[in-house]
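Please keep the sequence and the coordinates open while reading.

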Amino acid sequence: MKHPLRKVVIPAAGLGTRFLPATKAIPKEMLPIVDTPTIQIIVEEAVKAGVEQVVLVNGRGKSAIEDHFDRSYELEDALSRKKSTELFRQVRRISDMVRLVSVRQKEPLGLGHAVLAAKPAIGDEWFGVLLGDDLIDSDDPAIGQLARLATQTGKAAVALMPVREDQTHMYGVAAGKALADGNILVERIVEKPARGTAPSNLAVVGRYLLPPDVFGILEKVKPGAGGEIQLTDALAVLAQQGRLIGVRFKGERHDAGDRLGYLQANLAYALKRPELREPLLEYLRQVVKQ
């Protein structure tokens, strides 16, 4: 990888059925962690890593995401008139945060298909992929950790996290040669292996750093179960070529695509807020006593 990370892809075309009925009219990416939409937390991670452009792969009914990162003249004017300086600053910061490009995934044909839809906006350069369901809380942004490894090694990178053996069937799972820095040179990667067949306990979570030729690989990938094009199949090709590093990232990961994980994420982020921490802890103490 010759250049710093400039562009990332955020797939956001999913229907969010696990959060119905809330997601009947609201994109799941706009569901808040305390008071910040999950998609904003993901974008802030990318911006902190130096990203200049976010390519949002969206679908029907997702215009609220674009509106969130656009200027809101009426709201800004109202806040200015009320002299709500801090709220005005927050709203303006969101619209000035990053250059957002939106492309449409017309059919939900898998993560690989969503990434492929971003090809015209990415062009011939390395790029990151961040999944909106995976929140990774770290002072050192996870996508930036992957970008550094890709720059140092010239290889693609994927984020890995150890999970219990009884959970491996829920993830893509990677295995390979251990490296001196604690990461691995991926030799095998399997999407949701059957129980008891996983090659390791290292699960792939939603951060990827990919070379531009991955688009050519994705164009040749045959649809799998449900007619979907899996990004894991393209990663498997990179692994076979000796071009994929598995990064055991630093940070706390929350699965915001799961109802329990979403609640846990809200608690974790709320406890980091000075104005909320003590009142929330007191409430939790009372709940535990019941």
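Which residues are buried in H1? They are Thr38, Ile39, Gln40, Ile41, Ile42, Val43, Glu45 and Ala46. Buried means a relative accessible area under 20%, exposed means over 50%, and partly exposed is in between, with a 1.4 Å probe and protein chains only. Helices (H or I, at least four residues) and strands (E, at least two) are DSSP runs numbered from the N terminus.

The model is predicted: local features need pLDDT of at least 70, side-chain atom pairs count only at pLDDT 80 or more, and totals for chains, interfaces and linings use all residues. Residues are numbered from 1 along each chain as its sequence is written, and side-chain values use heavy atoms, with hydrogens and water left out.

H1 spans residues 38-48 and is mostly covered, with eight of its 11 residues buried. Just after H1 comes Gly50, which has a positive phi of about 95°.

Helix H9, residues 231-240, is also mostly covered: seven of its 10 residues are buried. These are Leu231, Thr232, Ala234, Leu235, Ala236, Leu238 and Ala239. Contact here means heavy atoms within 4.5 Å. After H9 comes Gly242, with a positive phi near 70°.

**Backbone geometry**

The peptide bond between Leu20 and Pro21 is cis, with omega about 5°. Pro21 sits in the loop between strand E1 (7-12) and strand E2 (32-33).

The table lists two of them.

| Residue | Phi | Loop | Relative accessible area |
|---|---|---|---|
| Val34 | about 65° | between E2 and strand E3 (36-37) | 30% |
| Lys192 | about 45° | between strand E10 (184-191) and strand E11 (202-210) | 51% |

By the cut-offs above, Val34 counts as partly exposed, whereas Lys192 is exposed.

**Side chains in loops**

Thr23 lies in the loop between E1 and E2. Is Thr23 buried or exposed? Thr23 has a relative accessible area of 8%, so it is buried. A polar atom of the Thr23 side chain is 3.4 Å from the backbone nitrogen of Leu20. Leu20 is also one partner of the cis peptide bond. With neighbours within four places in sequence left aside, Thr23 is in contact with Leu15, Gly16, Lys28 and Leu31.

Ser138 is placed in the loop between strand E7 (134-137) and helix H7 (142-153). A polar atom of its side chain is 2.8 Å from the backbone oxygen of Asp140. Setting aside neighbours within four places in sequence, the contacts of Ser138 are Lys48, Gln145, Lys250 and Gly251.

Asp213 belongs to the loop between E11 and H8. Its relative accessible area is 35%, so Asp213 is partly exposed. Which side chain does a polar contact of 3.0 Å join to that of Asp213? The partner is Arg243. A polar contact is a pair of N or O atoms within 3.5 Å; within protein, one must be able to donate a hydrogen and the other to accept it, and residues adjacent in sequence count only if both atoms are side-chain atoms. Between Asp213 and Gln290, 77 residues apart along the chain, the C-alpha separation is 57 Å.

**The chain as a whole**

The secondary structure of the protein chain comes to 11 helices and 13 strands. Its radius of gyration is 20 Å, close to the 19 Å of the globule rule for 290 residues, so the chain is as compact as a globular protein of that length. The radius is taken over C-alpha atoms, and the rule is 2.2 Å times the number of residues to the power 0.38. Along the principal axes, the C-alpha atoms fill a box of roughly 60 × 50 × 35 Å.

Of the 290 residues, 47% count as buried. Among contacts between residues at least 6 apart in sequence, 76% join residues at least 24 apart. The chain exposes about 15,200 Å², of which carbon and sulfur atoms supply 53%; the area comes from the Shrake-Rupley method with a 1.4 Å probe.
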